[in-house]
Amino acid sequence: MKLLSQRNLTTLLPAVLVAGFFFGCSKPSDRLKDAPTVAITQIIEHKSLDREREGILAGLKEAGYEDGKNINIVFESAQGNISTAAQIATKFQSLNPDVAIAISTPSAQALVNALKNTNIPIVFSAVTDPLHAKLVENMDKRESAVTGVSDAISAKSQLDLIRTLIPHIKKIGIIFNPGEQNSVKSVNDMKDASKNYGIEVFEGTASKTSDVAAAAQSLVGKVDAFYIPNDNTAVSAIQSIIQVGEKSKIPVFAGDEGSFKDGVVAVAAYDRFTLGKRVADYVIKILNGAFPGDLPVLRDHPTKKALNLKAAHAVGLQVDTSHLKDFDIQD
């Protein structure tokens with residue numbers, strides 16, 4: 001079945017997502033029957049993941065693929081629910097799209113599991129460790145019809161960012177969801193790298209967004225700064241972390257540009273829109289006949305550093321900007 005328009009079924013309960021299979025589909029008379037279908041699933045909506053999706057759509061449009069004109073695009077968000085992500089993936093199996101896109105590790109794992117016995121190509125994005133998440137067996141070439149763009153970012157780049165602004169920092173608190181494999185990998189990398197700097201890492205865990213503020217509060221008095229990895233649970237509740245940070249005078253750093261827009265002190269991050277366009281490039285190649293397994297997983301993208309002086313001052317952090325030539329500095 002080919003669907004016409006992007007649909008965000010975020011208000012549906014998980015059970016309805018399965019039972020109401022045809023909800024949100026275009027009428028048979030409106031569908032582009034001879035056009036390819038691209039189905040996109042996303043674990044939750046927050047600035048970074050949304051920005052990647054925007055990049056995907058922009059990349060497709062620049063290549064001449066416009067929803068409703070010569071391509072059918074479907075979008076569904078799991079609203080942070082792993083069970084819903086699995087239900088969406090099962091639904092996509094029945095839709096039999098020409099390409100299925102997963103934004104985030106949980107969504108990618110759900111898609112790979114649901115489509116493993118099909119020939120439906122999968123392109124993932126916003127995945128930190130595709131190998132450990134068992135999405136691919138090889139980063140360069142593989143037999144499976146899966147490829148994508150990894151957002152793995154070096155722990156060293158994150159620690160260097162923090163130490164540039166707090167040179168003598170000794171204790172960092174990381175807030176994350178231990179159920180997200182991408183986050184566990186990032187935390188372990190930070191722990192390993194921090195040994196070279198004499199920095200101790202403390203964990204604040206939250207299995208859902210409503211637990212994030214408490215996780216941040218549990219680290220108050222123990223750490224000199226908060227660091228937020230590319231964790232969907234923590235990033236979705238970043239404002240609650242910033243509030244704890246401002247009240248306790250603890251600077252908040254992050255590894256994604258969306259958190260910077262939300263008000264963290266500084267980031268060393270990828271341009272998520274650009275990553276989305278790289279996903280679109282792969283989708284276009286697949287639509288033109290390329291086999292996903294022949295396309296290497298893309299990684300090691302350029303980073304950009306940004307500093308929010310207002311956020312720094314809010315937590316009592318005084319910064320000499322004279323040596324921050326490679327930073328985007330915002331008042």
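Me: How does H2 pass H11, in a left-handed or right-handed crossing?
Reply: H2 passes H11 in a right-handed crossing. Right-handed means the near helix is turned clockwise from the far one by less than a right angle; anticlockwise is left-handed. Helices (H or I, at least four residues) and strands (E, at least two) are DSSP runs, numbered from the N terminus.

Me: Before I go on, what sort of model is this?
Reply: A predicted one, where local features need pLDDT of at least 70 and side-chain atom pairs pLDDT 80 or more, while totals for chains, interfaces and linings use all residues. Residues are numbered from 1 along each chain as its sequence is written, and side-chain values use heavy atoms, without hydrogens or water.

Me: Back to H2 and H11. What angle do they cross at?
Reply: Roughly 45 degrees, and their axes come within 6 Å. That makes H2 oblique to H11. Axes are lines fitted to C-alpha atoms, for helices over the stretch in contact, with angles from 0 to 180 degrees between N-to-C directions. Under 35 degrees is roughly parallel, over 145 roughly antiparallel, 65 to 115 roughly perpendicular, and the rest oblique.

Me: Which residues meet there?
Reply: From H2, they include Arg51, Ile56 and Leu60. From H11, Phe273, Val279 and Val283 are among them. Contact means heavy atoms within 4.5 Å.

Me: New topic: the sheet. What's the strand order?
Reply: E2-E1-E3-E4-E5, five strands in an open sheet with parallel pairing. E2 (72-77) and E5 (146-150) stand at the edges with a single partner strand each, so one side of each has no neighbour in the sheet. The twist averages 15 degrees from one strand to the next.

Me: Which helices pack on it?
Reply: H2 (residues 47-62) touches E1 (37-42), E2, E3 and E4, and its direction makes about 170 degrees with that of E1. H11 (residues 272-287) touches E1, E3, E4 and E5, at about 170 degrees to E4.

Me: How many bridges does E3 make with E4, and with E1?
Reply: E3 (residues 99-103) and E4 (residues 122-127) pair in the parallel sense over four bridges. Five bridges join E1 to E3, also parallel. Pairing takes at least two DSSP bridges. Ile101 stands opposite Val123 in E4, and Ile103 has Ser125 as its bridge partner there. Thr41 faces Ala102 in E3.

Me: Is E3 buried or exposed?
Reply: Five of its five residues are buried, so E3 is largely enclosed by the rest of the structure. Buried means under 20% relative accessible area, exposed over 50%, partly exposed in between (1.4 Å probe, protein chains only). Val99, Ile101 and Ile103 point one way, Ala100 and Ala102 the other.

Me: Which residues touch the most other members of the largest nonpolar core?
Reply: Ile40, Leu60, Ile101, Leu111, Phe124 and Val283, out of 54 residues. H11 gives the most to this core, seven residues. A second, separate core has 31 residues, including Leu165 and Leu324. A nonpolar core is a set of buried Ala, Val, Leu, Ile, Met, Phe, Trp, Tyr and Cys residues joined through side-chain atoms within 4.5 Å.

Me: And H4, how many of its residues are buried?
Reply: Nine of eleven, so to speak "mostly covered", in the stretch 105-115. Leu111 and Val112 are among the buried ones.

Me: Last one: what covers the buried residues of H9?
Reply: The cover includes strands E6 (171-176), E8 (225-228) and E9 (252-254), plus helices H7 (212-217), H8 (232-236) and H10 (257-262). H9 spans residues 238-248, and Ile241 and Val244 are among its buried residues. Lys249 follows H9, with a positive phi near 60 degrees.
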